[in-house]
Amino acid sequence: MANAAEHSGGNGHVGVIGDRDRPGALHLLLWALAGALAVRQAVAVLRVPPARWLDGFHLPGSAPGSLYESGSGRFTGTPFAGLVLKPLAGLAAPSLEVAWTCVTLLFVAAIGLVAARGLPDPVPRRAALPAAPVLVALMMVSLPVREAASPGQTAVLPVLLVLLAVFRVPGERPAGFLVGLAAALQPGLLLFAPLLWLTGRRPTAKAAAVTFAGATALSWASLPRDSWTYWVEHLAGTGLGRAPDGLANQSVHGALLRLGLSGPAEIALYAALAGAILWIGLRRAVRYARDGQLLLAVAVTGCVAVAVAPEGWRHQLLWVLLAVAGKVGRRAADRTVWPVAVVLAVILPSTVLLPNLGALAVVRDNVLLLAALAAACAVPFLSRSSPYWREPVPTAYGRPAAARRSRVPLLPFWRRVLSRPNLLLELLLIRVGYSIYSHIRAAATAGRDLAEANGSRIHGIEKALGIDIEHAVNHAVVNTPWLEAFFDFYYTSFHFVVPMGILAVLYWRRPADYRWARASLGLATVLALVGFWLYPLAPPRLMPDLGFIDTVHGVQDLANPQYGAMTAISNQYAAMPSLHFGWSLWCGIVIVVLAPKGWQKLLGALHPLITVCAIVATANHWVLDAVGGALVVGAGFGLVHVLSGPRGAQAGPDAGWALPRPRTPEQEAGTRTAGERTTA
């Protein structure tokens, strides 16, 4: 690791983005988005009443020794942080709330600017210009920043101090002073001193250690009682404030406590794991720093520091987002997996990423910790000397095809990818997409009167068309117990299993067709959500005075607007269009089109027929709901055809579209030698 001046010119792309580079429209739009998200975050914080906001500092009184007194809450920072923040407790609450929020968000913007300038070369100008606003926007909506904006949380400042020391401050001792201040605010960041020492910046490491020792000694002299409480009684603050086994503590120690471990066994296991993480993570950080990937080295070290600390709170894990600077994967199609996984982990709640299943509780409760550990110890980031650093294996695309009908023009907004997508990325997107679908469907609520009025209108249309068969079918099935049991089982069992099974088979056996089928299903579902919003509809089982029997959920109390516990699970008025039938029709079409054998096609054709009988017989949908489901599925397939071309497009002989040939060992060696010459 060279000095800071060399960082700016040699390993960052400050030289790539000069003062003469004028920001384009996209660049300005991204900054406007980042600014809007910052305003949104500020508004969310400033909605808290000033008096209640000031109580969040947990700084009762001004007498020495009062930082960690129990009461409404206890201060959780270091004595040095308390020494700095204590005078603020006497300021006017409204002014302090505004100033604290604005300064915190300005620090976040500064982190984005400094981190974007720390990306390793070569970074194309098209990618370098939007890097800062994109990173700032992501940080504004991330869980660490949303929690760091609360009063008394200083986690953003140490990140900025470390980045300034590594990338912007030219002198060794001033850089070390900033790192030491960061460690005085968050002791785990003293781990950056060994990183600096091992990468050749020994004066900076010494200055960091001296600054940390001086700040700690100053706090001992000024607040001896508080310093004893923090460093001795609570072993660097462990157990102050929030419970160490709470979900907010995303450290290895917190995870072990949540698993039910305690006592000497837990301490021994924690010490062993922390030692292993320190050894592996620090070695990786040194290797990346020597490779010229300073931002990645800083991110890895920060992840290690928070993970091995006795208490690593969520607002301290902004380092995880900085780890997107590393490149992972030899294929171009795999390059987005790690950034997408990190962004989802730091932005979305864990309940969105993983279903609420007991078997997944260990993973769901420690998502940020696992992301930090993956960045620190597991993810195989590419070296800059790798032949795949600049030129990953290109993605294979299908040859463009002309429209078969002049009245249906093709608008090739995306090219058809022939290779199999990354499994982890697919699982993440499917899970997040389904969670978003569930939240939107549940939020698309309307008044009972409107839903029942729409139900009466649908019932009247069916009467006029002579297709109002729901009541007769419903009562006929109720009078046939075995048929009622069959349709109830079919309705509740195959709605998700069959589509997921088809997608799994296509992913494994026919990757090009998998993308076609997945895109059509996703578009159909989005169109159905629009229908839920625009046309809330009471299903037959919730229509009063029509005599329908709910065979699946049991008798509903129509006098109760909540209709029992089912309303708390999902939106009961999201009936038009019927996705039960729509998804089954999608399954039938995909099987009939792609299945190689006749009996498989027959089963595929029977599935939507049985499903439409089940939704009518159980009084969960009107017949016209099934028509709506068929329309959105047809629109989904049609949009995919228009946007990406016919399903049967194959790889052509064109060089730009053909499958990439595997590299020979001689080519690998030649490329590596050329890369080394370029680096030299």
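Accessible areas here come from the Shrake-Rupley method with a 1.4 Å probe, and for residues only the protein chains shown count as cover.

Before I go on, this is a predicted model, where local features need pLDDT of at least 70, side-chain atom pairs count only at pLDDT 80 or more, and totals for chains, interfaces and linings use all residues. Residues are numbered from 1 along each chain as its sequence is written, and side-chain values use heavy atoms, with hydrogens and water left out.

Now the overall build. The secondary structure is 31 helices and zero strands; helices (H or I, at least four residues) and strands (E, at least two) are DSSP runs, numbered from the N terminus. Of the 680 residues, 48% count as buried. Buried means under 20% relative accessible area, exposed means over 50%, and partly exposed is in between, with a 1.4 Å probe and protein chains only. As for contacts, meaning heavy atoms within 4.5 Å, take those between residues at least 6 apart in sequence: 78% of them join residues at least 24 apart.

Let's zoom in on one helix, α24, which is residues 470-478. Which residues of α24 are buried? They're E470, N474 and V477. These three cover an arc of only 70° around the axis, so they sit on the same side of α24. That arc is taken from the directions from the helix axis to the C-beta atoms. You'll remember that an α-helix has 3.6 residues a turn, so residues three or four places apart point the same way. And what do the buried residues of α24 pack against? Against α23 (448-465), α25 (481-509), α29 and α30.

Staying with α29 and α30, have a look at the loop between α29 (598-617) and α30 (623-644), where you'll find A619. A619 has a positive phi of about 65° although it is not a glycine, and A619 is buried, at 0% relative accessibility.

P577 is in the loop between α27 (566-569) and α28 (579-594).

On to charges. Side chains of opposite charge can pair when their charged atoms come close. The rule here for a salt bridge is a side-chain nitrogen of Lys or Arg within 4 Å of a carboxyl oxygen of Asp or Glu, and the count comes to six. I'll show you three of those pairs:

- D334 with R331, closest N and O atoms 2.8 Å apart; D334 is buried at 16% relative accessibility, while R331 is partly exposed at 29%.
- R510 with D513, at 2.9 Å, N to O; R510 is partly exposed at 34%, and D513 is buried at 8%.
- R541 with D550, closest N and O atoms 3.2 Å apart; here R541 is buried at 8%, and D550 is buried too, at 7%.

Last stop, back on the surface. L259, L261, L269, L273, V362, V363 and L370 form a nonpolar patch with about 540 Å² of accessible area together. The elements giving two or more residues to the nonpolar patch are α15 (263-290) and α20 (361-364), while L259 lies in the loop between α14 (252-258) and α15.

Methods
Patches are made of residues with over 30% relative accessible area and no salt bridge: like charges are joined within 9 Å, nonpolar side chains (Val, Leu, Ile, Met, Phe, Trp, Tyr) within 5 Å.
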